[in-house]
Structures are given as structure tokens and as C-alpha cells.
Amino acid sequence: MDHVVYLDAKADELDNLINGSKTMIIRGATGRKMPYGRINENDILYFINNNAEGLIRATGVVSFVLNSDKMTKEESVALVNEYQSRLLLTDKQFQRWAGKRYLVLIEVDQIKEIESFKINKSNYGNMDDWLPVEKIDAIRI
């Protein structure tokens, strides 16, 4: 399964993944929302910055996924702290994710820059920061 993943441009998430200082990404919510339960080891992630440039710039392979059980705020903060050395979250990102009832932690390896390309997002009316696309070629422009 292929996924398009929007990364925080202001926090340099993509650069930090490419240079290896960051190896894990996080998503979370009050309920179980995308990609909770929908991402697996060996899935391919296609990375795009959330700065409106609209270009896929790199890929990576999922090597580990942790879908948390329902957590208290304290348990959630503790889990984020436990993985912070791999997440490399800014203070603002930490505030955004730590405390969510459900978290998905995704370890990514084999990260490589690719020749950038645009995607057709017209089938994703409710834009989110995670798009399960099945096969990237179906939305590649």
C-alpha cells in the first residue's frame, strides 16, 4: 500500500528524515483516525511538505508501526517522550501530539530523495495530512 504523507515544513521534518536525524513520524487524534490501523510494515510512504508547493519529494519504507490503545493524557505524553529521540518533535509539534488519546508511531527507513512530482488530489475532497492511495501511479501527474 502506498501513502502520501504531509510533513511539517516549518519543522523541517522532510530534511530531518532525509539526513537521518529523524526516523519516526507521528499521527494522533481523540479518535482512531487515519492512518490508525491502516498502515503496515513495508508500506511505501511518499513525502510532501505542507507548504502548498504540492510536490512529492522523497519516499520511505515503513519498518515499524505502533497503534496505541486508548490512553490517558499522561500515558500519551509518556509515550511521545519515550520515542522523542526518533520523532525529533519541535515544542509546537510536541504540544500538538502529546496528550492525544490515540497515537500512531511510524518508523521509516530506506528514505531517499526522488525526482519530485505532483499528484492529483481531486479524489480526496476532505484533505487530511495522510492519504492512503493504494498505488501512487494512480494519482501521479
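Strand 1 (residues 2-7) pairs with strand 3 in the parallel sense, over six bridges. Strands here are DSSP runs of E with at least two residues, helices are runs of H or I with at least four, and both are numbered from the N terminus. Two strands pair if DSSP finds at least two bridges between them. The model is predicted: local features need pLDDT of at least 70, side-chain atom pairs count only at pLDDT 80 or more, and totals for chains, interfaces and linings use all residues. Residues are numbered from 1 along each chain as its sequence is written, and side-chain values use heavy atoms, with hydrogens and water left out.

**Strand 3 and its partners**
- Val5 has Phe47 of strand 3 as its bridge partner.
- Strand 4 (residues 55-67) runs antiparallel to strand 3, and five bridges join them.
- Ile44 is bridged to Val61 of strand 4, and Leu45 to Gly60 of strand 4.
- The hairpin of strand 3 and strand 4 has five residues between the strands, and Ala52 takes a positive phi near 70° there.

- Six strands form an open sheet in the order 2-5-4-3-1-6, with mixed pairing.
- Strand 2 and strand 6 (130-134) stand at the edges; each has a single partner strand, so one side of each is left without a neighbour in the sheet.
- On average, neighbouring strands of this sheet are turned by 35° against each other, direction ignored.
- Helix 2 (residues 73-87) lies across strand 2, strand 4 and strand 5 (102-118), at about 35° to strand 5. Axes are lines fitted to C-alpha atoms, for helices over the stretch in contact, and angles run from 0 to 180 degrees between N-to-C directions. Contact means heavy atoms within 4.5 Å.

**The largest pocket**
- The largest pocket has a volume of about 310 Å³, the space filled by probe spheres set on grid points joined across faces, edges and corners.
- A pocket is an open set of points on a 1 Å grid over the protein atoms alone, where a 1.4 Å probe fits, with protein on both sides within 12 Å along at least five of seven lines; lining residues have an atom within 4 Å of a point.
- Of the 15 residues that line the largest pocket, Asp8, Glu13, Asn50, Gln93 and Arg96 are the closest to its centre.
- Helix 3 gives the largest share of this lining, four residues.
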